[in-house]
Amino acid sequence: MIKQILGRLPRKPGKAGDSREAAAAGNGTDPSNSYSVARSVDPGNKRAGNGDYPVPSGVTPNPVMNGAVVYHSNEPLPAFKDVPASEKQNLFVKKVNLCCAVYDFADPTKNLKEKEVKRQTLMELVDYVTSANGKFSEVVMLEITKMVSINLFRSSSPTPRENKAIEGVDLEEDEPLMDPAWSHLQIVYEVFLRFVASQETDAKLAKRYIDHSFILRLLDLFDSEDPRERDYLKTILHRIYGKFMVHRPFIRKAINNIFYRFIFETEKHNGVAELLEILGSIINGFALPLKEEHKLFLVRALIPLHKPKCVSMYHQQLSYCITQFVEKDCKLADTVIRGLLKYWPVTNSSKEVMFLGELEEVLEATQLAEFQRCMVPLFRQIARSMNSSHFQVAERALFLWNNDHIENLIKQNYKVLLPIIYPALERNSRDHWNQAVRSLTLNVRKIFSDHDSAFFGECVQRFNDEELKQEESDSKREALWKRLEEMATSKPGKNNPLGAPNGKPSQAAG
């Protein structure tokens, strides 16, 4: 029985081209007509593994589904435990080929037997890759990347809520769209994740198949609406970044391009949070001094990510990346703070609360010299936030004084900052409708008063003087308007032109 099973297994192939010719010869067809799976990577790349793939033994081509030919298994394959160690790799390749079948999961009644065979086979592949105790050959790498490409690199159908992010609708309130094929896709992702993470995968060989074209297609999948898929992609891309050092600059550049498209064109992408999560780990590993390339990435990509309306969907990860840069190089604090001020929200209160929270994290990592460069425009904005009629915005601005480091920075520059924010403190204590905001305002006033009561008194006097001047100016303006209204209602005579009251000639007439 064992001999019969082994007799059906293919001999260990040599080169990829030899296996293709053997497949063609076995089917009695010309080699050029034997590759029936659609291309799943860059069509311009003719290398083995990136072109058309041969029909696996034991499966029959069916109509195209999702850009790849659908296969159905006609015969079961033996388990790995039933074949000797010398034949396990060949059996592995054959099982991988069987998993190139792509089925229609929109109809749960179709191909039930074939779907279950494929699922069980994928589970066997996971176990094999996990327990591998020898280096994977190039043939194995070719077949795995081919199978992953056929299963994962599929066209996504447009959804009716495609443009909601552009219209400013909060997508967090919607239920995410779950892929009906996830029962198979998850195991495909698991196979590929374990393959990339395996010590038996030689990066120098695998980079021929996990190449730039493959990485670009992997990055395209981050726009998936299924959060489970994005989570797998995040882990896999992070492992690829760690294992394939040669691909690191390309991956960073490709992520930059995704952000540029998102910020300046579409404002629609589901995977920004996951990409930022990967970048947070990457930034944490940057060597000092920071390269100019990394600083440009901060200025051109990360800071402008504060602009889109849907920033709340990824703000936590963005804030972490920004803070990482400031902690790496404190001289970037001025750049970051001015960038935040550039994109500061005017009418969106919830967004302003987020900005104030991020600002506190940045200021906590800011040194005195950088603080002094940007403190004047910064505290003009903080004063406006303190006077916000939205109590959460006003509270969040006043909470900055609860941070010891920030309070210390303010105290060292109080003679510049107190005149800027004192009017806001005075207006809050008099007029703000929220009791908590008034209480916090009084606490901040007390901090300044206790620190330098004489200077605080000067600021109070200056504010009162300016208030008197403003009242005088307002009364003069009101009197002038009243006079103009009286002139407008009076009827000018023949010798009394408009603008010359009481019949007197205008002084400007001459």
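Predicted model: local features only at pLDDT ≥ 70, side-chain atom pairs only at ≥ 80, totals over all residues.

Biologist: OK, back to aspartate 329. Buried or exposed?

Modeller: Aspartate 329 is buried, yet it has no salt bridge. Buried means under 20% relative accessible area, exposed is over 50% and partly exposed is in between, using a 1.4 Å probe and protein chains only. For a salt bridge, a side-chain nitrogen of Lys or Arg has to be within 4 Å of a carboxyl oxygen of Asp or Glu.

Biologist: Which side chain of opposite charge is nearest to aspartate 329?

Modeller: That's lysine 295, 4.0 Å away. Lys and Arg count as positive, Asp and Glu as negative, and His and the chain ends are not counted. If you leave aside neighbours within four places in sequence, aspartate 329 is in contact with Leu290 and Lys295. Contact means heavy atoms within 4.5 Å.

Biologist: How many residues of α13 are buried?

Modeller: 10 of its 14, so α13 is mostly covered. Among the buried ones are His315, Cys321, Ile322, Phe325 and Val326.

Biologist: What covers them?

Modeller: The cover includes α11 (272-284), α12 (292-302), α14 and α15 (349-364).

Biologist: And the span of α13, what should it be?

Modeller: The 14 residues should span 20 Å at 1.5 Å a residue, and the end C-alpha atoms of α13 are 20 Å apart, which agrees. The expected span is 1.5 Å times one less than the number of residues. Helix α3 (residues 85-98) also has 14 residues, and it reaches 20 Å from first C-alpha to last, close to the 20 Å expected. The buried residues of α3 include Asn90, Phe92, Lys94 and Lys95.

Biologist: Switching to salt bridges. How many does the structure hold?

Modeller: 22. One of them pairs arginine 154 with glutamate 229, with the closest N and O atoms 2.9 Å apart. Arginine 154 sits in the loop between α5 (138-152) and α6 (182-197) and glutamate 229 in helix α9 (residues 227-243), so this pair ties together parts 75 residues apart in sequence. Glutamate 229 has 1% relative accessibility, so it counts as buried.

Biologist: Which residue does arginine 194 meet in a salt bridge?

Modeller: Glutamate 190, at 2.8 Å from N to O. They're four residues apart in helix α6, so about one helical turn separates them. Arginine 194 counts as partly exposed at 31%, whereas glutamate 190 is buried at 17%.

Biologist: What about α21, where aspartate 474 and arginine 477 sit?

Modeller: Their side chains meet in a salt bridge at 3.0 Å, N to O. Three residues apart in α21, they are separated by about one helical turn. Aspartate 474 is partly exposed at 34%, and arginine 477 is partly exposed at 43%.

Biologist: Which residues are linked in a network of salt bridges?

Modeller: Glu426, Arg430, Arg445 and Glu467.

Biologist: New topic. Where is leucine 480, and which patch is it in?

Modeller: Leucine 480 is found in helix α21 (residues 453-489) and is partly exposed at 48%. With Trp481 and Leu484, Leu480 makes a nonpolar surface patch of about 330 Å². Patches take residues with over 30% relative accessible area and no salt bridge, joining like charges within 9 Å and nonpolar side chains (Val, Leu, Ile, Met, Phe, Trp, Tyr) within 5 Å. Accessible areas come from the Shrake-Rupley method with a 1.4 Å probe, and for residues only the protein chains shown count as cover.

Biologist: Last one: what does glutamine 381 touch?

Modeller: Not counting residues up to four places away, Leu341, Trp344 and Glu352. Glutamine 381 is in helix α16 (residues 368-386) and is buried at 10%.

Biologist: And the chain as a whole, how many helices and strands?

Modeller: 21 helices and four strands, with 46% of the 510 residues counted as buried.

Technical notes. Residues numbered from 1 in each chain as written. Heavy atoms only, no water. Helix = DSSP H or I, 4+ residues; strand = E, 2+ residues; numbered from the N terminus.
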